[in-house]
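Subject: Structure for your review

Dear colleague,

Please find below the sequence and the structure that I am handing over to you. My findings follow directly after them.

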Amino acid sequence: LLSNLSKIIYSILLLLLSKNALAIDFLECINDIPINKNIIENKDSCFLFDSDIGQIVSVDAISSQKDFEIETFYKSVLIQFGWVLSSESNNKDLVFVREEERLKINIKKINNKILITYNSFLSLNIN
C-alpha cells in the first residue's frame, strides 16, 4: 500500500507526465516518430521509397533547441515507442532499432538553427 505522501508524489508525477505527453506531436512523413513543440518538420523534404524488400523514408526538420536537448529528448522518448538505442557516433547520428526497423537521426547545427534528418529503414522479411 502507498502512504499518503507516496500517493501525492505519484499523482503529481502522473500530472506532469500527462502534461508533457500533450506537448508531443508526430512527424507527418514518418507518422510514429514523435516531435516536440520545438521541432518543425519540413514536409516538402519527405521522401518515400517502397520496394518488395522494404521501405526507406527520409524527412528533415528544424529546431531552435540545442543539439544535446534534442538528443536527450529522443533518447528518453523513443524507448517508450519500442525503440532501442543501437549506436551513437561522434558525428551526431543516433541509431535506433525496433524489430525490423532502423531509425537514424542526424543532428547538425546550421547557423543558429539545428537541422534534424530522420532516415527510417524497414526491412520486410521474405518467407
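Which residues does Glu101 touch, not counting residues up to four places away in sequence? They are Trp83, Phe96, Ser120, Phe121 and Leu122, where contact means heavy atoms within 4.5 Å.

Before going further, please note that this is a predicted model, in which local features need pLDDT of at least 70 and side-chain atom pairs count only at pLDDT 80 or more, while totals for chains, interfaces and linings use all residues. Residues are numbered from 1 along each chain as its sequence is written, and side-chain values use heavy atoms, with hydrogens and water left out.

Glu101 itself is placed in strand β7. Strands (E, at least two residues) and helices (H or I, at least four) are DSSP runs, numbered from the N terminus. Glu101 counts as buried because its relative accessibility is 17%; buried means under 20% relative accessible area, exposed means over 50%, and partly exposed lies in between (1.4 Å probe, protein chains only).

Glu99, in the loop between β6 (93-98) and β7 (101-110), has a positive phi of about 50 degrees although it is not a glycine. Asn111, in the loop between β7 and β8 (113-123), likewise is not a glycine, yet its phi is positive, at about 55 degrees. Glu99 counts as exposed because its relative accessibility is 74%, and Asn111 counts as exposed because its value is 69%.

The disulfide is the next topic. A disulfide is a pair of cysteine sulfur atoms within 2.5 Å, and by this rule the count comes to 1. The pair is Cys29 and Cys46, with sulfur atoms 2.0 Å apart. Their link is right-handed, with 75 degrees about the S-S bond. It joins distant parts of the chain: Cys29 is in the loop between β1 (25-26) and β2 (34-35), and Cys46 is in strand β3, 17 residues apart. Cys29 counts as buried at 17% relative accessibility, whereas Cys46 is partly exposed at 36%. Lys43 also lies in strand β3 and is partly exposed, with a relative accessible area of 48%. The C-alpha atoms of Lys43 and Cys29 are 7.0 Å apart in space, although these residues are 14 apart in sequence.

How is the interior arranged? In soluble globular proteins, nonpolar side chains tend to be buried together. A nonpolar core is a set of buried Ala, Val, Leu, Ile, Met, Phe, Trp, Tyr and Cys residues joined through side-chain atoms within 4.5 Å. The largest one here has 23 residues, of which Tyr74, Ile105, Ile116 and Tyr118 touch the most other members. The elements giving two or more residues to this core are β4 (54-63), α2 (67-77), β6, β7 and β8. Its largest share, 4 residues, comes from α2.

Finally, there is a nonpolar patch on the surface, formed by Phe47, Phe49, Ile56 and Phe121, with about 370 Å² of accessible area together. Accessible areas come from the Shrake-Rupley method with a 1.4 Å probe, and for residues only the protein chains shown count as cover.

Yours sincerely,
A colleague

Note on methods
Patch = residues over 30% accessible without salt bridge, like charges linked within 9 Å, V, L, I, M, F, W, Y side chains within 5 Å. Salt bridge = Lys/Arg side-chain N within 4 Å of Asp/Glu carboxyl O.
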